[in-house]
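Hi everyone, thanks for coming. Please have a look at the structure on the screen, and then I'll walk you through a few parts of it.

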Amino acid sequence: MTASPSTLALATRGLRKRYGARVALDGLDLSVPTGVVYGFLGPNGAGKTTTMRLLTGLLHPDAGSIELLGRPFARGDRRRLFEVGALIESPSFYPYLSGRSNLRELAATGGPVPRTRVDELLELVGLRDRAKDKVSGYSLGMKQRLGIAAALLSDPTLLLLDEPANGLDPAGIVAMRETLRHLASTGKTVFVSSHLLGEVQVLADVVGIIASGRLVREGSLETLLASEAVVRVRVPRADSEAAIAAVTPIGPAAAMPPAGNEPVGAELWLRVQATPDRASEVNRALAGAGIFASALESGSDLENLFLELTGGEPLPGSEGTFQGIRP
Amino acid sequence: MRIFRSGLRKLVGRPASIVTVGLLSGLLVLIIVATAAVSQRSGTPRAQAEALLLVTFPGAYDIILSFILGLGGLFAVIYGAAIAGSEWGWGTLKNAVARGESRSRYMLLSFAAISVMVAVGLGLTFVIGVVAAIAGATIANVPTTGLSDAATLGRLPEEFLRGWFAVTEEAALGFAIATLARSQLAGIGAGIAFYFGETFATLFLPDIVKYLPFAVARASVAISGSAAAAANGGGGPGAAASLGDANTALVLVGVWLVGSLVVALGFTERAEITG
């Protein structure tokens with residue numbers, strides 16, 4: 001990102017954090033512009049939650065600096081968080097208190113909260129009818145909604161949400177998305193950490209992708225997707241060299257390595273850097289060279305970009321990833 | 001003040017508060033009523049007189065108070081540990097810190113709310129105990145003329161205040177242990193182990209144990225030879241190892257109280273909150 005420091009709602013420079021021998025963050029540089037929804041993406045164990053904890057003063061960095069709302073944030077600057085709302089990991093509440101009581105008691109901490117705010121937020125997240133019920137009886141989705149309400153208590157200028165869609169039903173996800181978009185439209189900044197790529201793609205203006213504790217890509221969603229537009233074709237392995245030569249005039253092409261544990265077969269995927277509207281051109285060029293593709297895909301979705309940047313594989317020292325069943 | 005009031009509201013609604021007071025007063029009532037009911041059947045006049053001590057005023061005041069301060073100490077450790085541990089276990093401390101709240105202030109005011117609840121709990125249990133003793137006296141046909149004994153009533157406030165301070169110190173100990181353990185269960189377990197461990201250690205190290213938190217708590221209420229004697233002879237930690245001087249013990253109670261809080265707040269201030 002090239003936004004000037006004064007327009008950044010949140011910035012980190014060289015942020016480092018270790019847990020014993022394991023490096024969780026290795027020089028993270030984030031630049032979050034004011035008034036946007038920022039999607040913070042990364043595989044499990046990439047350092048997303050550690051980043052959120054550092055941004056809210058729950059952890060202290062080993063090195064590096066944080067700027068919140070244009071001012072440095074370090075130990076002793078806790079009042080800076082009066083303008084920040086956060087939902088980190090799973091929502092945490094007193095199980096024996098009602099939803100309303102939990103919000104009321106939380107409002108007693110940090111910056112001042114108007115009396116009417118609690119009921120407004122219960123209405124916003126659709127918990128007004130269950131406000132008197134004990135939180136121990138809430139479903140995961142209800143707790144998540146209460147957590148979002150808790151994050152909004154101080155009407156924050158900067159909102160930090162860690163996996164906010166967890167446990168929400170489809171209607172809840174849509175409502176949350178609309179709420180966050182509305183907040184951004186009023187000049188507030190929403191920082192959303194997620195691994196739900198589709199959700200981030202429809203929600204975020206700007207995306208940062210983290211892998212192994214480092215930022216590997218950051219920019220507006222539009223720019224990132226445009227730069228990653230590809231056409232993929234599946235061709236016989238024996239014809240791959242000829243196929244690359246045939247499509248290279250359209251865009252740089254290369255053979256893709258087998259994904260994960262996929263066995264080396266008689267065919268392989270070629271990746272041609274070209275916008276989706278040139279897919280037919282690629283097909284025509286291959287046919288002209290006497291090569292017939294058994295499959296053709298085009299697109300520029302966030303998933304491709306994400307997998308390409310993070311490798312789609314477990315990172316050394318990370319939590320690992322789901323491997324799936326391979327025949 | 002917002003956090004203190006909030007802390008009180010949270011404790012009033014908390015099942016642990018009701019269970020703690022309920023158990024303490026329930027046991028007290030059970031002992032008093034049972035003693036009164038069976039006293040008539042005691043074999044010798046001496047045994048009968050001893051059984052009736054519990055429902056004979058003004059002595060009953062001291063016995064009730066000593067019971068509350070003795071068993072209340074154990075309950076206070078558990079209660080303090082439960083409150084502090086749950087802040088870590090449930091992740092509610094995380095919420096407050098992420099809202100920019102001062103960690104030390106939050107924990108200190110939470111403990112201040114606990115100390116108020118301790119006072120309320122002790123007072124409530126004492127009143128219930130006295131009512132039960134009056135009922136017991138009625139059952140056992142013991143006159144209750146000593147109820148208004150001026151000398152006893154005159155020293156009760158000071159005894160009660162000292163007792164409250166001592167039990168608060170014991171709650172602070174549980175609070176600190178659970179904070180270090182970041183867990184309710186571990187805090188409660190370690191608190192109970194400390195309580196009984198101190199009793200056990202009295203057998204071997206009486207000169208050291210008399211300076212330990214439960215022993216000084218008991219010794220600090222020993223001001224007039226009544227509640228003091230009962231408390232120190234009650235079988236709790238420090239029963240056989242006492243400082244003797246209640247005022248010195250009271251100072252040591254303060255030292256343990258402040259020390260426990262300093263440890264708890266210092267740890268919370270520096271801790272990395274990952275839960």
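Let me begin with a word on naming: helices (H or I, at least four residues) and strands (E, at least two) are DSSP runs, numbered from the N terminus.

Before going on, some housekeeping. This is a predicted model, where local features need pLDDT of at least 70 and side-chain atom pairs count only at pLDDT 80 or more, while totals for chains, interfaces and linings use all residues. Residues are numbered from 1 along each chain as its sequence is written, chains are lettered from A and ligands numbered from 1 in the order in which they are written, and side-chain values use heavy atoms, with hydrogens and water left out.

Is B:Ser17 buried or exposed? Buried means under 20% relative accessible area, exposed means over 50%, and partly exposed is in between (1.4 Å probe, protein chains only). B:Ser17 has a relative accessible area of 7%, so it is buried. Contact, by the way, means heavy atoms within 4.5 Å. Leaving aside neighbours within four places in sequence, B:Ser17 is in contact with B:Leu11, B:Tyr79 and B:Met117.

Staying in chain B, let's look at a pair of helices. The axes of helix H8 (residues 184–202) and helix H10 (residues 213–220) of chain B come within 9 Å and cross at roughly 75°. That makes H8(B) roughly perpendicular to H10(B). Axes here are lines fitted to C-alpha atoms, for helices over the stretch in contact, and angles run from 0 to 180 degrees between N-to-C directions. Angles under 35 degrees count as roughly parallel, over 145 as roughly antiparallel, 65 to 115 as roughly perpendicular and the rest as oblique. On the H8(B) side, the contact is made by B:Phe194, B:Tyr195 and B:Glu198, and on the H10(B) side by B:Pro213, B:Phe214, B:Ala215 and B:Arg218.

Now to chain A. Its secondary structure comes to ten helices and 14 strands, and buried residues make up 49% of its 327 residues. The C-alpha trace of chain A spans about 75 × 45 × 40 Å along its principal axes.

Take strand E3 (37–41) of chain A. How many of the residues of E3(A) are buried? Five of its five. In a regular strand the side chains alternate between the two faces of the sheet. In E3(A), A:Val37, A:Gly39 and A:Leu41 are on one side, A:Tyr38 and A:Phe40 are on the other, and both faces are covered. Two strands pair if DSSP finds at least two bridges between them. E3(A) pairs in the parallel sense with strand E8 (residues 189–194) of chain A over five bridges, and there A:Tyr38 stands opposite A:Phe191. E3(A) also pairs in the parallel sense with E9(A), over four bridges, where the bridge partner of A:Gly39 is A:Val207.

E3(A) has a helix packed on it too. In helix H10 (residues 302–310) of chain A, the buried residues are A:Leu302, A:Leu305, A:Phe306, A:Leu309 and A:Thr310. They cover an arc of only 110° around the axis, which puts them on the same side of H10(A). Those buried residues pack against several elements of chain A, including E3 and helix H6 (197–203).

Next, a sheet. Chain A has an open sheet of four strands in the order E12-E13-E11-E14, with antiparallel pairing. Which strands are at the edges? They are strand E12 (253–255) and strand E14 (295–299), each pairing on one side only. From one strand to the next, the twist averages 20°. Helix H9 (residues 279–288) of chain A lies across E11, E13 and E14, running at about 25° to E11(A).

Finally, A:Arg78 has 26% relative accessibility, so it counts as partly exposed. Not counting residues up to four places away in sequence, A:Arg78 touches A:Phe73, B:Gly100, B:Glu101 and B:Ser102.

Terms used:
The arc is that of the directions from the helix axis to the C-beta atoms.
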